[in-house]
Amino acid sequence: AQHFMGRIQRHADLGAFLATDAEVTLAQAREADQRLAAGDPAALLGVPVAHKDIFVTRGFPTTAGSRMLAGYRSPFDATVVARLAQAGAVTLGKLSCDEFAMGSSNENSAFGPVKNPWDTTRIPGGSSGGSGAAVAAGLAPAATGTDTGGSIRQPAAFCGITGIKPTYGRASRYGMIAYASSLDQAGPMARTAEDCALLLSAMCGPDPDRDSTSLDASAEDFTRALGGSLAGLRIGLPREFFGEGLAPDVRAAIDAALAEYRRLGAELVEVSLPLTELSIPVYYIIAPAEASSNLSRFDGVKFGHRAREFTDLLDMYKKTRAQGFGDEVKRRIMVGTYVLSHGYYDAYYLQAQKIRRMIADDFRRAFESCDLIAGPVAPSVAWKLGDKADDPVANYLADIFTLPASLAGLPGMSIPCGFGEGGMPVGLQLIGNYFGEGRLLQAAHAYQ
Ligand code: GLN
């Protein structure tokens, strides 16, 4: 823990951490030492882990990257945080992210951008940008992230590390500040698939009393899935993931990775996900709709920011929210409120829900002829800070390859597979069938 705390300080200019507390961290480390000495067999005893600032964490502030929650301290731990602590993990601190996890570049954080350690003039990806940068720069051996539409996979790809989003419902959402509840999932970001397997095993498991969407699937030891041959594994390549929008440098790295998979014994088959393009409008209706509802709790009454001067209750709500939320969050609340409003609900929200179902059906058909799906995580490598900062739609479009699996609730993973333009890392995306985490991790491990 001391080693990483030193590195966090030396590389503070990356902006990856929003909060650290040496006393809390060292107390946890000492406790882990005692458990170790007492023969406790927990898998992560003494392993330092940092948490995305979306997870409420006792002993540290939790802001969700928003001015709305500046200085907020939770009286309890998110289930994922508690489960990692039970497994022996030591908390290094809280990691920067886009405000309420809304973004693809970490530039929507109220507390400043995060720099990509591979090239500090570039974004680390988002919304778990702090997690990606911290692991890539060796400020933490592993971190938690959350993925609503790609926020684990895309920053993992842009920072050259490994990340996995499990099947929706595998990890409890309790204590994860809600963005779009039907999509939000927690997962680990680390250097290798093996490390991710260790963390994911601790993070997953039912939590029926606290998250009604948590699945009744018992915790698994995913490290047991590692090893073994890939002979006969059918990897599906969706035609729509390899079209015009894909940058040639990314394409070349993905092709080389796929050739390696063939050498490892896998068989490559073409599949089709015809509604891939529609995943962007569908996601950017459903996610803001849910966000507009989830974020109504930030009203200045129960917790977080409250405007100093106001005339009456309504004025207090208005001023609090005007001051507390950033531009992107306000944009999504407005879009979400609009698509849910009477007269527009059928035209937008209902249609989006129907197409969401059809996207899931397309995956079901694709998995009839393959065991795993592979493709790019993002159409390009990490772009320059500021390049798309004033263009929300350009950010949305860059999510095209991660949104389909999110909408279907499928597990997805990003593994480093070489370098593209500017020497920046490229990520290969692997998408599994429901509960296919073990197979994903096995395939990733074999390649690594
Ligand atoms: N980039 C997507 C968005 O802005 C996904 C974010 C996420 O997965 N949290 O909503």
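Numbering starts at 1 along each chain, following the sequence as written. Because the model is predicted, local features need pLDDT of at least 70 and side-chain atom pairs count only at pLDDT 80 or more, while totals for chains, interfaces and linings use all residues.

**Annotated site**

The unreviewed UniProt entry carries an "active site" annotation on Lys52, Ser127 and Ser151. UniProt positions follow the numbering used here, feature names are shortened, and annotations may be inferred rather than shown by experiment. The three span 100 residues in sequence, yet no two of their C-alpha atoms are more than 10.9 Å apart, so they gather at one spot.

Ser127 sits in the loop between strand 3 (90-95) and helix 4 (129-136). Helices (H or I, at least four residues) and strands (E, at least two) are DSSP runs, numbered from the N terminus. Ser151 occupies the loop between strand 4 and helix 5 (153-159). Gly150 lies in the loop between strand 4 and helix 5.

Burial is counted on C-beta atoms placed from the backbone: 20 or more others within 10 Å means buried, 12 or fewer exposed, and in between partly exposed.

| Residue | C-beta neighbours inside 10 Å | Class |
|---|---|---|
| Ser127 | 34 C-beta neighbours | buried |
| Ser151 | 37 C-beta neighbours | buried |
| Gly150 | 31 C-beta neighbours | buried |
| Leu44 | 21 C-beta neighbours | buried |

Contacts are C-beta pairs within 7 Å, with the atoms placed from the backbone. Leaving aside residues up to four places away in sequence, Ser127 touches Cys97, Asp98, Ala101, Met102, Gly103, Asn106 and Ser151.

**Ligand shell**

There are 13 residues around the ligand; Ala101, Ser104, Thr148, Gly149 and Ser151 come nearest. A residue belongs here if its C-beta atom, placed from the backbone, lies within 6 Å of the molecule. By class, the shell holds 4 nonpolar, 7 polar and 2 charged residues. Ala, Val, Leu, Ile, Met, Phe, Trp, Tyr, Cys and Pro count as nonpolar, Asp, Glu, Lys and Arg as charged, and the others, Gly among them, as polar.

**Strand 6**

Strand 6 (residues 185-190) has 6 of its 6 residues buried, so it is largely enclosed by the rest of the structure. Gln185, Gly187 and Met189 point one way; Ala186, Pro188 and Ala190 point the other. In a regular strand the side chains alternate between the two faces of the sheet.

Strand 4 (residues 142-147) pairs antiparallel with strand 6 over 6 bridges; pairing needs at least two DSSP bridges. Thr144 has Pro188 as its bridge partner there. Strand 5 (residues 162-165) also runs antiparallel to strand 6, joined by 2 bridges. Thr162 stands opposite Ala190.

The largest nonpolar core has 135 residues, and Val49, Ala134, Val135, Ala140, Leu372 and Leu430 touch the most other members. Such a core is a set of buried Ala, Val, Leu, Ile, Met, Phe, Trp, Tyr and Cys residues joined through C-beta atoms within 7 Å. Beyond four places in sequence, the contacts of Ala134 include Ala16, Phe17, Ala50 and Leu95.

Leu44 lies in the loop between helix 2 (22-37) and strand 2 (48-52). Its contacts beyond four places include Leu84, Ala87, Leu198 and Ala202. Leu44 and Gln86 are 42 residues apart in sequence and 8.7 Å apart in space, C-alpha to C-alpha.

Note on methods:
Contact = placed C-beta atoms within 7 Å.
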